[in-house]
Amino acid sequence: MSAESVSTETVSTETVTAPLRISVIGTGYLGATHAICMSELGFDVVGVDVDPDKVRRLADGEVPFFEPGLEELLRKNLATGRLAFTTSFAETADADVHFLCVGTPQRADSGAADMTYVDGAVERLLAVGPKPGALLVGKSTVPAGTAVRLAGWLAREAPDVDLAWNPEFLREGFAVEDTLRPDRLVFGLPADDEWYGVADRHDHGDHTGRRDRVEATLRAVYAVALDAGTPAVVSDFATAELVKVAANAFLATKISFINAMSEVCEVAGADVKTLASALSYDTRIGGRFLGAGLGFGGGCLPKDIRAFQARAEEIGAGPALRFLDEVDTVNLRRRTRTVELAIHLLGGVAAGRRVAVLGAAFKPNSDDIRDSPALDVADTLRRAGARVTVYDPAAMENAARKFPDLRYATGVAAAVADADVVLHLTEWADFREIEPSLLTPLVRRPVIVDGRNTLDPQLWRSAGWIYHALGRPNV
Ligand SMILES: NC(=O)C1=CN([C@@H]2O[C@H](COP(=O)(O)OP(=O)(O)OC[C@H]3O[C@@H](n4cnc5c(N)ncnc54)[C@H](O)[C@@H]3O)[C@@H](O)[C@H]2O)C=CC1
Ligand SMILES: O=C(O)[C@H]1O[C@H](OP(=O)(O)OP(=O)(O)OC[C@H]2O[C@@H](n3ccc(=O)[nH]c3=O)[C@H](O)[C@@H]2O)[C@H](O)[C@@H](O)[C@@H]1O
């Protein structure tokens, strides 16, 4: 097989006859979305997770996280009887396709990915005995080399089970749209000597027929998107694994690039927002992911660039990715800079001062607070002695669970009451609609830091506010 082939053509699906039954292992942000959307496409789907509370809520028609449009689809598909959730792996045994969607968080002791959940899930799947000819499809974001390791494991314990790697590119907040109408699909298929894994390279047979069957199954699963013209990139395992981390590394780099420009703008007296806008007209650069501000957070970009570097070091490609260290450093420096600016605006002392923080989620349209820049800044100021009150339209419960020492308000007005400074740290649309003049009488001092560069400086200034933004000294 060539290392890569790109096509939107449908290869023969002759070998895929009966309607496919799908299992989705791990029903977190990715898995719950995938299970619900696969059911929406007409497949029989069972989602399995080790967290009984998550499973109960999903089975009751409640999405355990904030994702626009997902709960409606969940309820609709539960009602058809095509969709079920369980903690029992036994209920996945008759599935034709198993999607592996468990977490791969950063390990506590290093930047590397924690593979405990992936290995635990495969172990449980093998224990129930997937049916012969079943296909295991990896979607979790994993270090290069994982698929070939799992292929070896399958070859030893379930030689009739096939493996493919099909990384996921959905964005939280747009998860349904991205799953049903992805901008591309990547199908990582094993090379001939990968069927039996690196441990057993004695078999150099031709497995073209088996590989075609795997590809045909993937094409049957994604037929609707493929028929609509979604490109499918077919590659070997390692390329498929790397596409995923390369994409996130590129996005992180783009954000840190504009934030590095933001640092220079602050010193040079230039305006990063105007600079980004001028860059965006160059179609080679484009305007997306050039939003300067507090930088990236979340459950993926930060941990993925660290795991990518860790894996590159392990396989002897460390120097190629050393620049990602700097991407990470620039990103974290935006948080430090925001804290310093807030303390400066508080007259150099945080202790006893009141800070209002608008935003807790790592980005708008999400209640995800994993590595949230907003909460990092809020908690750093709290630890410096400030009295910090946070408001977020969706992430309050998650924030309060993880940061019980912060104060929480039920709305913008309550959050800013008596504030010495207001920090806008997650760019919810609701915050853009704030009428600043209504807040002026509520605060102790009308000072705002726009950490996301999305508020209108003139509007705030005309309502009597002192407006500061990262990278925009002259606005
Ligand atoms: N959240 C996102 O937007 C995206 C995530 N990804 C990747 O997808 C993977 C999953 O991410 P999330 O869904 O965000 O994580 P998550 O933490 O929300 O969900 C993971 C789920 O796996 C379950 N789990 C753990 N061990 C299990 C086992 N042995 N059997 C069954 N279930 C088990 C957990 O209980 C949890 O519900 C990660 O590798 C991530 O990098 C990829 C693209 C998008
Ligand atoms: O691997 C993953 O899990 C996913 O990671 C990201 O998706 P997500 O984490 O949902 O969020 P993004 O929209 O990428 O935003 C990430 C962070 O970057 C920040 N950001 C984004 C854009 C920008 O211009 N500036 C900026 O600071 C956001 O505020 C947020 O904190 C990728 O965009 C998805 O393609 C990928 O599938």
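Colleague: Into how many nonpolar, polar and charged residues does the shell around ligand 1 divide?

Modeller: This is a predicted model, in which local features need pLDDT of at least 70, side-chain atom pairs count only at pLDDT 80 or more, and totals for chains, interfaces and linings use all residues. Residues are numbered from 1 along each chain as its sequence is written, while chains are lettered from A and ligands numbered from 1 in the order in which they are written. Ala, Val, Leu, Ile, Met, Phe, Trp, Tyr, Cys and Pro count as nonpolar, Asp, Glu, Lys and Arg as charged, and the others, Gly among them, as polar. On that basis the shell splits into 11 nonpolar, 10 polar and 6 charged.

Colleague: Thanks! Which element supplies the largest share of that shell around ligand 1?

Modeller: There are 27 residues around ligand 1, with Gly-26, Gly-28, Tyr-29, Leu-30 and Thr-141 the closest; a residue is near a molecule if its C-beta atom, placed from the backbone, lies within 6 Å of it. Helices (H or I, at least four residues) and strands (E, at least two) are DSSP runs numbered from the N terminus. At least two residues come from each of α1 (29–40) and α4 (116–128). With 4 residues, the largest share belongs to α4.

Colleague: Which element gives the largest share of the side of domain 1 that touches domain 2?

Modeller: The C-alpha centres of the two domains are 33 Å apart. Across the boundary, 29 residues of domain 1 are in contact (C-beta atoms, placed from the backbone, within 7 Å) with 25 residues of domain 2. On the domain 1 side, α5 (146–157) and β8 (185–188) are the elements that give two or more residues. The largest share, 3 residues, is from α5.

Colleague: Which residues of the largest nonpolar core touch the most other members?

Modeller: A nonpolar core is a set of buried Ala, Val, Leu, Ile, Met, Phe, Trp, Tyr and Cys residues joined through C-beta atoms within 7 Å; buried means 20 or more other C-beta atoms within 10 Å of a residue's own, exposed 12 or fewer, partly exposed in between, with C-beta atoms placed from the backbone. Leaving out residues up to four places away in sequence, Ala-342 touches Val-355, Leu-381, Val-421, Leu-423 and Val-449. Of the 132 members, those with the most contacts are Ala-342, Val-355, Val-357, Leu-358 and Leu-423.

Colleague: Last one: which strands stand at the edges of the open sheet?

Modeller: Its 6 strands run in the order β12-β11-β10-β13-β14-β15 with parallel pairing, where two strands pair if DSSP finds at least two bridges between them. Two strands have a single partner each, so one side of each is left without a neighbour in the sheet: β12 (407–408) and β15 (466–469).

Conventions: Domains from an automatic or database assignment. Contact = placed C-beta atoms within 7 Å.
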